[in-house]
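This report walks through one protein model, sheet by sheet. Keep the structure open while reading.

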Amino acid sequence: MSVLGEVGCMHPVLRRAISVIFRSSIYSEEIRLMEYYKIFAIEYERRQALSTEIFLRSMDPEPMFMSYYIWAIVGANTAVIVDTGYTKETALSRGRKQQRCPGEGLKLIGIQPDEVEQVIITHFHWDHLGNRALFPRATFYAQEKEMAFWTGRYASVPIFREVIEPDDIVGMVRLNLSGHLTLIDGSRELFPGISVHWVGGHTPGMQIVEVATAGGTAVIASDAVKTYRNLTENIPDPYVNDISEMIDGYELVRNLAENESLVFPGHDPEVFNRFGSPAEGIVGLLQG
Ligand SMILES: [Zn+2]
């Protein structure tokens, strides 16, 4: 705008020529930087839960299913993994199951976990942060606020302590000290077409992932949006650190995503009705 403004007094033909050059240089820049990604939601467990686990102040507990996912963002030459799920050992210790190791799910879509170089962690809850050992080559990305909280004075308070595994938190500290963790403060474009945004709410350092896809901007919301109903009806989830941040997070997800069907919630089996399925237990935006 300012460049075209400066040539406003020039001859119209010259002005038009400069305008074309200017626009085409922007256009080629966009082509060079823009990559469209596929997104896969890889379910590693599904269990019968109650609506009171999903909707804050739900007075009438109704049975409903919760799915557990990791996600893969796949470009022409890259695969970025979002969250790492829980381990079989942690599942057993908490009386849970694990249908399939998240790493096995990745192999079904052609990703070898030990070759993955980038892993985004949305937050440090136990069901999102195990299995780091599957990714020995990876650099991990998380919010600085999340690390500060879980190594800070509130972490041992039972209501917080029960939703993390100490070994996971220590593991993140080790990754940081060995130079394999990048801590982010707020929003950052990590790779062309892949950005993270702090939203807080569910945890103090919860972040979401914005992804450029052929169908428009998609958002891997993880637990910033537990299910589509939380988003459409603006109902907070009971696992909440700050309710107003959670509501603002819903707003940001709605603003970023091209439409609600390009949102990947943290625990909603409904994604299996909205996206294509390349393999059992896996759904996604399959057009790259
Ligand atoms: Zn979760």
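Two strands count as paired if DSSP finds at least two bridges between them. With that cut-off, Thr 213 has Gly 216 in β10 as its bridge partner. Five bridges join β9 (residues 207-213) to β10 (residues 216-222), and the two strands run antiparallel. The model is a predicted one.

**Overall picture**

The protein chain has 11 helices and 13 strands. It holds 288 residues, and 40% of them count as buried. Among contacts with a separation of 6 or more, 66% link residues 24 or more positions apart.

Confidence comes next. Mean pLDDT for the protein chain is 90, and 88% of the residues reach 70 or more. Over residues 1-32, however, the pLDDT is below 50. Beyond near neighbours in sequence, that stretch makes six contacts in the model.

**The five-strand sheet**

The strands β9 and β10 belong to an open sheet of five strands. Its order is β7-β8-β9-β10-β11, with mixed pairing. At the edges stand β7 (188-191) and β11 (263-265). Each has a single partner strand, so one side of each is left without a neighbour in the sheet. Direction ignored, neighbouring strands here are turned by 25 degrees against each other on average. Helix α10 packs on this sheet and touches β8 (194-198), β9, β10 and β11. The direction of α10 makes about 155 degrees with that of β10.

**The eight-strand sheet**

Eight strands form another open sheet. The order runs β6-β5-β4-β3-β2-β1-β13-β12, and the pairing is mixed. The edge strands are β6 (181-184) and β12, each pairing on one side only. From one strand to the next, the twist averages 30 degrees.

| Strand pair | Sense | Bridges |
|---|---|---|
| β1 (residues 38-50) and β2 | antiparallel | 12 bridges |
| β2 and β3 (residues 79-82) | antiparallel | four bridges |
| β4 (residues 118-120) and β5 | parallel | three bridges |
| β12 (residues 276-279) and β13 (residues 282-285) | antiparallel | two bridges |

Glu 45 has Tyr 68 in β2 as its bridge partner. Ile 120 is bridged to Tyr 141 in β5. Trp 71 is bridged to Val 82 in β3.

Two hairpins deserve a look. One is formed by β2 and β3, with four residues between them. The other is made of β12 and β13, with two residues between the strands. In this second hairpin, Gly 281 takes a positive phi near 75 degrees. Gly 276 stands opposite Gly 284 in β13.

**The core and Trp 71**

The largest nonpolar core has 66 residues. Those touching the most other members are Ile 39, Ile 42, Trp 71, Ile 73, Val 219, Ile 220 and Val 253. Strand β2 (residues 63-74) gives this core its largest share, seven residues.

Trp 71 itself lies in β2. Is Trp 71 buried or exposed? The cut-off for buried is 20 or more other C-beta atoms within 10 Å. Trp 71 has 21 C-beta neighbours inside 10 Å, so Trp 71 counts as buried.

Which residues does Trp 71 touch, not counting those up to four places away in sequence? They are Ile 39, Phe 40, Ala 41, Ile 42, Val 82, Asp 83, Ile 220 and Phe 264. Trp 71 and Ile 282 are 211 residues apart in sequence, but their C-alpha atoms are 9.4 Å apart in space.

**Two asparagines with positive phi**

Asn 131 has a phi near 60 degrees, a positive value in a residue other than glycine. Asn 131 sits in the loop between α5 (126-129) and β5 (139-143). It has 24 other C-beta atoms within 10 Å, so Asn 131 is buried.

Asn 234 also has a positive phi, near 55 degrees. Its place is the loop between α9 (228-232) and α10 (243-256). How many other C-beta atoms lie within 10 Å of Asn 234? The number is 12, so Asn 234 is exposed. Asn 131, by contrast, is buried.

Notes:
Residues are numbered from 1 along each chain as its sequence is written. This is a predicted model: local features need pLDDT of at least 70, side-chain atom pairs count only at pLDDT 80 or more; totals for chains, interfaces and linings use all residues. Two residues are in contact if their C-beta atoms, placed from the backbone, lie within 7 Å. A nonpolar core is a set of buried Ala, Val, Leu, Ile, Met, Phe, Trp, Tyr and Cys residues joined through C-beta atoms within 7 Å. pLDDT is the predictor's confidence in each residue, from 0 to 100. Axes are lines fitted to C-alpha atoms, for helices over the stretch in contact, and angles run from 0 to 180 degrees between N-to-C directions.
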